[in-house]
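Hello,

Here is the structure we talked about handing over. Please look through it first, then read the notes on its aromatic rings below.

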Amino acid sequence: MTAFDLSPPSDAQRDALVAGLSADERRVLLQHGTEAPFCGVFLDNKQDGVYGCRLCGLPLFRSSTKFDSGTGWPSFFAPFDPAHVREIRDISHGMVRTEIVCARCDSHLGHVFPDGPPPTHERHCLNSVSLSFTPNGQAYPDLLQRGGAEAQPAG
């Protein structure tokens, strides 16, 4: 069981968080869009730390699970905690895929595919605009002011 509070933000909290998003972030996070490949800010990030949800700050993936998939989007073979990412069957664009969203705020993150490296053989393919990054040792962004695990350093 995760140490993080997965209850959704209140309507007022969500409105405040959405107000701080760019047009591209809104299109991807809220309208299930996709950023162009090979242009995301986190594609080539090599720092040690934790990638979180851009909207609510929930930790989603550790840098130690990141790999170069050659697809043009940041890819990870395992989530920070399986409870932090929710999977949804996606039949848009004439194909069947598995969409992944933030388990706390339902923001669109990307898709997961069964062609990743061991040990999971999963490729969680994310949009950089869906993510924030916290270097190891720095405090997670406690955007919902919940304290607890959110107030701890990443690592």
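**Aromatic rings**

Both Phe 4 and Phe 80 are buried, where buried means under 20% relative accessible area, exposed over 50% and partly exposed in between, with a 1.4 Å probe and protein chains only.

This is a predicted model, in which local features need pLDDT of at least 70 and side-chain atom pairs count only at pLDDT 80 or more, while totals for chains, interfaces and linings use all residues. Residues are numbered from 1 along each chain as its sequence is written, and side-chain values use heavy atoms, leaving out hydrogens and water.

There are 8 aromatic pairs in the structure. Rings of Phe, Tyr and Trp (its six-membered ring) pair if their centres lie within 6.5 Å; planes under 30 degrees apart count as stacked, over 60 as edge-to-face and the rest as tilted.

The ring centres of Phe 4 and Phe 80 are 5.8 Å apart with planes at 80°, so this pair is edge-to-face. Arg 62 lies over the face of Phe 80, 4.1 Å from the ring centre; a charge sits over a ring if NZ of Lys or CZ of Arg is within 6 Å of the ring centre and within 35 degrees of the ring normal.

Tyr 51 and Phe 76 have ring centres 5.0 Å apart and planes at 65°, so they are also edge-to-face. Tyr 51 is buried, at 0% relative accessible area, and Phe 76 is buried at 0% relative accessibility. Ring pairs join Phe 42, Tyr 51, Phe 61, Phe 76 and Phe 133 into a cluster.

Regards
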